[in-house]
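Q: I'm new to this one and would like to go through it step by step. Could you show it to me before we start?

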Amino acid sequence: MSSILTRRRFLIGATMTASALGLSGCDALVESDRTKSVLRIAEGLSMKTQRFLLGDNALAREFTEADLSPVFRANGTSMPDNPQYLDWMNRQFSTWKLEIGGLVEKPMQLSLADLKALPARTQITRHDCVEGWSAIGKWTGVPLGALLKTVGLKPEARYIVFHCADEYEKSLDGSGWYYESIDLVDAFHPQTILAHTMNGRDLEVAHGAPLRLRVERQLGYKQAKYLTRIEAVADLGRLYGGKGGFWEDRGYEWYAGI
Amino acid sequence: MATIDAGAATGRTVIYRHSLLVRLSHWVNVLCMTVLLFSGLQIFNAHPALYWGQYGADNDPSFISTEAVEDGGKAKGLTHVGSLTFDTTGFLGVSDVDGEATARGFPEWLTIPSYQDLASGRRWHFFFAWLFVINGFIYLAYGLLSRHFRRDLLPARDELTPAHIGHEIVNHARLRFAKGPEARHYNTLQKLTYVAVIVLLLPLMILTGLTMSPGFNAVAPWLLDVFGGRQSARTIHFLTAFSLVAFVVLHVAMVILSGVFNNLRSMITGYYAIEQEDKK
């Protein structure tokens, strides 16, 4: 008796598996909201496990000059086309300013010269695109944690949001502007820097001039380019698509450690 | 059915071969490895090129890649392996999507989802990777505690002699499968293959997978040294996946050739019928 039940159960399982595997209803299953919410369990599991094993300050591997990629592939926007950005660019970013605001005690604005005058960290790290390729570059910039200590986070601040000068997907409602967000663990991580220099030269436009984020324990799409404004927030739900980043709003994981 | 009945008439014995936990973990594994393979090919399609070393992108030399090129107004799919180039139009590089030749690494009937969607492919891959790892740990713990490994999978010393192994290879090649008392246990080739999959290929998949994770690199930087870098790990991950595909093809072929009903029943209900030895 039990063997019949087992076999029947197996057959049901096998049929579900077969339909899940694209023999027929595959894409319908992929697109169902229930499937998506079940699959999202994995993201939480990966983040909790990695954070547990990492502690807050385990460092990403740092490489040597000999390991640098001969050509560092530029990805995403390589030339923002909004007039404001072009104006900054034509003036060598001398009129550009980084705004730090939101849930902070002392909002501030910093010019590129201000940022370059601050103590910097240099690190040779690997950039991993979600697509699968990697490139190694040398980054110099201001540790984000130091800046956040200067402006003073309010107690309710939980995430740091990075607003960018590139509209990666043209849209009427403004939902196509690039943005990213990280939590405070990553924001205060020693290797999390706002890089103004790459491979010993001013950051090129293709790589996010004048300033890009480096969060070294996560994938490439977290490394927001063309920064204009940093905002401390209590939750991510009210910004853009509500998932905490341009690619996150389009189905990718917010925790991009894997 | 007929052969089984005939077997029963001549004194067939039925043994309890696979415990419930082995059966369950086997089928969970079938599900996981199937989804992992097809979602993995979806992920591969996002950047269909493999490199060796710490880094690797478009401007670096790859040693396996697929590519779509224009050839007389028609899309042609090329696959590069080292310095060799193969025309793989219709399968690799270029294949039909809604009747139209489209640039993509693996064709839509081999990816989850069928259309190009890296975000969904990743979500499927990581969910089933977790299930696979949890299932694997339960199986390993059971295998050690219940002595399943020692009793059923570890070859005895006399099974490892060249003569014995040579004898088994000849029997396999002639498709002569064990009967009588010998059929109560896995043969040596089976044991060695299963052990290689359990202790070598599957752990290699997990470790090379983890080596691609920038977060896990900070947890265990030594894995980068073991595999020679993230891009090497990605390549090994891909090649090991195809070793597992080869194993599954062989495994299913042997299941079919050595009695598909009996084998399937034993992995579903646990019971396996042993036929008497031929009277010589």
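Q: Let's start with a detail: which residue is the bridge partner of L98(A) in strand 2 of chain A?
A: In this predicted model, L98(A) has L110(A) as its bridge partner in strand 2 of chain A.

Q: And how many bridges hold strand 1 and strand 2 of chain A in their pairing?
A: There are four bridges, with strand 1 (residues 97–102) and strand 2 (residues 108–111) of chain A pairing in the antiparallel sense, and the two strands form a hairpin that has five residues between them.

Q: Switching to chain B, what order do the strands take in its open sheet of four?
A: The order is 2-3-4-5, with antiparallel pairing, and the edge strands, each pairing on one side only, are strand 2 (49–50) and strand 5 (84–87) of chain B.

Q: What about strand 3 and strand 4 of chain B, how many bridges join them?
A: Strand 3 (residues 64–71) and strand 4 (residues 74–81) of chain B run antiparallel and are joined by eight bridges; I64(B), for its part, stands opposite V81(B) in strand 4 of chain B.

Q: Now the contact between the chains: how many residues does each one give?
A: Chain A gives 46 residues and chain B gives 39 residues. On the side of chain A that touches chain B, the largest share, seven residues, comes from helix 4 of chain A, and the residues of that side divide into 23 nonpolar, 13 polar and 10 charged.

Notes
Residues are numbered from 1 along each chain as its sequence is written. Chains are lettered from A and ligands numbered from 1 in the order in which they are written. This is a predicted model: local features need pLDDT of at least 70, side-chain atom pairs count only at pLDDT 80 or more; totals for chains, interfaces and linings use all residues. Two residues are in contact if their C-beta atoms, placed from the backbone, lie within 7 Å. Ala, Val, Leu, Ile, Met, Phe, Trp, Tyr, Cys and Pro count as nonpolar, Asp, Glu, Lys and Arg as charged, and the others, Gly among them, as polar. Two strands pair if DSSP finds at least two bridges between them.
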